[in-house]
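Please open the structure in a viewer and keep the selection tool at hand.

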Amino acid sequence: MTVTMTDSAFLQACRGTRPDRTPVWFMRQAGRSLPEYLALREGTAMLESCFRTDMVVEITMQPVRRYGVDAAIFFSDIVVPLKAIGVDLDIVPGVGPVVADPIRSANQLSQFRDIEPDDVTPITDAVTALVGELGTTPLIGFAGAPFTLASYLVEGGPSRDHRLTKQLMYSEPDLWHALLGRMAAIAGQFLRLQVEAGASAIQLFDSWAGTLSLADYETYVKPHSAAVLDSVADLDVPRIHFGVGTGELLHAMGDAGADVVGVDWRVPMDEAVRRVGPGRALQGNLDPTTLFAPTEFVHARAAEIIDAGRSAEGHVFNLGHGVLPATDPDALARLVDFVHGYEPAAS
Ligand code: CP3
């Protein structure tokens, strides 16, 4: 029998069925902790590397080769589609995205034009090349969600309290919704281009949505994230929706139109399953700092998560947020082997 992409444990779990082993991949598995990544990136700026087809392909493949994970995450960044349409921004090492002219007024929105396929040719070429190299391992395309993108654009860079973002949201709701509407269009177009080039699933990263109350999330953010997820609904690929510190938002993030809800480590997996409710798979949720503990401890925590994930309609094992740069790649390799070999307790 030929093994096809749809047999992949990752895609099965995303669709709510139970593959014969728990699929696992890691957010931010590409880059950061891998010595082969650091060697390749030497002398090339982050954003420049995202527009170099050869580097994107190689960096995306590195963790797949090393760990045997069940999915590849495309090497890029949430600000890449903005860079592609000419927004003046950079990624500063150790800091993150930094925007030259933070958004304060409506007349700044004209720069957020639609993405044309020509804007992202090196990226779609990399997707196509990767699909060939990956064989039956699915490729996950991704985009930043409207709120998280807007938070960088309004703050001008990373922020702890998102003060300026919320100030704009509360005091100028029309401008806020216009900005998020543009981010939703751009994120949706970027996801569509990746899927049309061959990506098998997408993840919408709303990393910083956890800074919002449920009521504010529902009013100011969810309609825009729902628009992004809806804009790729016809493409028939699983849609994963993830944020950090989103325990109070889990149901709403599923309701926005996700097939899979990503959870961080603050909510136990069985409780997250209850909060998300029926009809969706879950992804998560080992605390990335656990990987600095002894192996037996890491694996005991992983076993608890897999056992708790049995109550979900589908479960994709992952960390609760990205791999930390100081993580020992061997600890991740051991974790993949453990997850693949673990026989969950009979339920
Ligand atoms: O597995 C992967 O690494 C896939 C590629 C990927 C990157 N960024 C590469 C990257 C993905 C999926 C992202 C998403 C991303 N980028 C998010 C959402 C995910 C999350 O972690 O919450 C966010 C919020 C960003 C914005 C961003 N870009 C941050 C916060 C940083 C880190 C800054 C730092 O150096 O601490 C970046 C830079 C970045 N993106 C790096 C990589 C590999 C590091 C760049 C470098 O090596 O100089």
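Select C14, which is buried at a relative accessible area of 3%; buried means under 20% relative accessible area, exposed over 50%, and partly exposed in between, computed with a 1.4 Å probe on protein chains only. C50 is likewise buried, with a relative accessible area of 0%. How many disulfides does a search of the whole structure find? The search finds 0, a disulfide being a pair of cysteine sulfur atoms within 2.5 Å.

The model is a predicted one, in which local features need pLDDT of at least 70 and side-chain atom pairs count only at pLDDT 80 or more, while totals for chains, interfaces and linings use all residues. Residues are numbered from 1 along each chain as its sequence is written, and side-chain values use heavy atoms, with hydrogens and water left out.

**Second stop: the sheet**

Display the strands next. An open sheet of 7 strands runs in the order β1-β4-β5-β6-β7-β8-β9, with parallel pairing. Helices (H or I, at least four residues) and strands (E, at least two) are DSSP runs, numbered from the N terminus, and two strands pair if DSSP finds at least two bridges between them. At the edges stand β1 and β9 (315–319), each with a single partner strand, so one side of each lacks a neighbour in the sheet.

Select strand β4, residues 139–144, where 6 of the 6 residues are buried. L139, G141 and A143 point one way from β4, whereas I140, F142 and G144 point the other way. Strand β1 (residues 72–73) pairs with β4 in the parallel sense over 2 bridges, and A72 stands opposite L139. Strand β5 (residues 201–205) also pairs with β4 in the parallel sense, over 5 bridges; the bridge partner of G141 in β5 is I202.

Move along the sheet to strand β7 (residues 260–262), which pairs with β8 in the parallel sense over 3 bridges. Here V261 has L282 of β8 as its bridge partner. Helix α12 (residues 269–276) lies across β7, β8 and β9 and runs at about 150° to β8; axes are lines fitted to C-alpha atoms, for helices over the stretch in contact, and angles run from 0 to 180 degrees between N-to-C directions.

Select α6 (residues 121–134) together with α9 (residues 173–197). These two helices pack at an angle of about 35°, with their axes 8 Å apart. The contact (heavy atoms within 4.5 Å) involves I123, T124, V127, T128 and V131 of α6 and F190, L193, Q194 and A197 of α9. These residues divide into 6 nonpolar, 3 polar and no charged; Ala, Val, Leu, Ile, Met, Phe, Trp, Tyr, Cys and Pro count as nonpolar, Asp, Glu, Lys and Arg as charged, and the others, Gly among them, as polar.

On the α7 side the contact is made by P146, F147, L149, A150, L153 and V154, and on the α9 side by W176, L179, L180, M183 and A184. This contact has 11 nonpolar residues, no polar and no charged. Because 10 of the 10 residues of α7 are buried, the helix is largely enclosed by the rest of the structure. After α7 comes G156, whose phi is positive, near 90°.

**Fourth stop: backbone details**

Most residues other than glycine have a negative phi, and most peptide bonds are trans. Select R28 and R32, both in the loop between α1 (9–14) and α2 (35–41). R28 has a positive phi near 60° and is partly exposed at 38% relative accessibility. The phi of R32 is also positive, about 65°, and R32 is partly exposed with a relative accessible area of 28%.

Which peptide bond is cis, with omega near -5°? The bond from G284 to N285 is, and N285 is found in strand β8 (residues 281–286).

Finally, select A333 and R66, which are 267 residues apart in sequence and 7.3 Å apart in space, C-alpha to C-alpha. A333 lies in helix α14 (residues 329–341) and is partly exposed, with a relative accessible area of 22%.
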